Every structure is written in C-alpha cells, then in structure tokens.
Amino acid sequence: MSNDAEAGPGLGDPASPGSGEFTATVIVNAPAAKVFAAFMNWEGQSEWIPFTRVRVVEGDGGEGSLVEAITAIGPAVLRDELQVVKVNAPYELRVVHCGTVLRGPGAMRCTAMSGDRTQIVLHEWFHLPAGAVGKIAWPVLWPGSKLGFTGALKRFARLVEQGRLP
C-alpha cells in the first residue's frame with residue numbers, strides 16, 4: 001500500500017473511511033456464486049467500467065493482492081490502486097483504495113435472492129482532496145460518481161446474465 005507521505009495534501013489513512021461516501025446497487029438475474037466470481041475477475045472489470053483497464057499487479061487477485069485500475073479519458077488519466085483486504089466468497093469483498101488520489105475503504109456485497117437472483121451493493125468511502133475545496137466540490141461530483149458506478153453495475157449485470165463474464 002502507498003503510505004500517507006505519498007498521499008496528496010489532507011488525505012489520511014486509506015483504511016479509515018473518508019467523508020466522500022456513495023452506494024450503488026443492482027440486481028443480477030444469476031446466482032450469487034456466479035455473480036461474485038464474475039466480479040472477482042479483475043481483468044474482466046475492464047469490460048464494464050467505462051474507459052478503464054484493470055489488472056492484478058501483485059498476488060492472485062485474492063486477499064493481499066494489489067490491483068490497479070487506470071481510467072483514461074483523452075489526456076486525463078486516473079490511477080486507482082486497490083489492496084484486497086477481505087474475500088468472503090460468494091458474499092463479500094473488501095478493498096482499500098491506497099493510491100495518491102483515490103484513498104479509502106470499499107466493500108462489495110452479494111445477497112442471494114429468490115429465483116437465482118443476486119443483489120449487489122457497492123459502497124465506497126473516499127477521502128476528499130483539497131480540504132474545504134474538496135468538501136465543497138463533493139456534492140457536485142458525487143451524483144456523477146453514483147450514476148457512473150450504478151451504470152457500470154448495470155452493464156456488469158447484463159454481461160453476467162448474457163454469460164459474457166465468467
């Protein structure tokens with residue numbers, strides 16, 4: 001994990017929740033074990049997270065692994081480093097975003113429902129950069145983040161339902 005000295009100004013311990021919080025939810029017409037396995041296919045996330053390439057940098061993708069997600073839109077590039085801290089298949093995944101910009105814990109939970117359906121809840125608690133400016137900007141940025149992640153999860157659900165994600 002990156003240490004606090006590498007973080008931007010005002011960013012704290014990445015394992016502790018930041019004040020930028022959002023939740024995205026989707027229901028997938030597939031059993032929890034299949035949904036969870038598809039989510040844990042880190043490289044496969046590149047297929048449903050727009051403009052993003054995901055790869056395992058260290059480890060096997062399970063607990064203790066370091067995963068990198070690079071989002072590029074034109075000349076703008078954002079690098080997200082995630083440490084996988086808990087895998088409780090097929091129910092829960094916990095990560096810590098430990099990069100220099102995106103920092104804070106995140107969790108993905110799968111809840112089995114009747115009819116071989118699964119509810120996914122993705123919850124993130126990011127530290128906000130730039131002190132007061134970050135806190136003022138968050139209400140403007142948050143709807144885009146929530147909509148973006150909800151849209152990505154809906155795409156994920158379609159790909160799983162179509163059998164296009166293992």
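Of the 166 residues in the protein, 42% are buried (under 20% relative accessible area, with exposed over 50% and partly exposed in between, using a 1.4 Å probe and protein chains only). This is a predicted model, in which local features need pLDDT of at least 70 and side-chain atom pairs count only at pLDDT 80 or more, while totals for chains, interfaces and linings use all residues. Residues are numbered from 1 along each chain as its sequence is written, and side-chain values use heavy atoms, without hydrogens and water.

**Fold**
- The protein has 2 helices and 7 strands, taken as DSSP runs (helices H or I, at least four residues; strands E, at least two) and numbered from the N terminus.
- Read from the N terminus, the order of elements is β-α-β-β-β-β-β-β-α.

**Backbone in the loops**
- Phe-51, in the loop between α1 (32-39) and β2 (52-58), has a positive phi of about 60° although it is not a glycine.
- Phe-51 is exposed, at 57% relative accessible area.
- Asp-116, also not a glycine, has a positive phi of about 55° and lies in the loop between β6 (103-113) and β7 (117-126).
- A cis peptide bond, with omega near -5°, runs from Ala-89 to Pro-90; Pro-90 belongs to the loop between β4 (76-88) and β5 (92-98).

**Cysteines**
- The whole structure contains 0 disulfides (pairs of cysteine sulfur atoms within 2.5 Å).
- Cys-98 is buried at 0% relative accessibility, and Cys-110 is buried at 4%.

**Helix α2**
- Arg-155 is located in helix α2 (residues 131-161).
- With a relative accessible area of 36%, Arg-155 is partly exposed.
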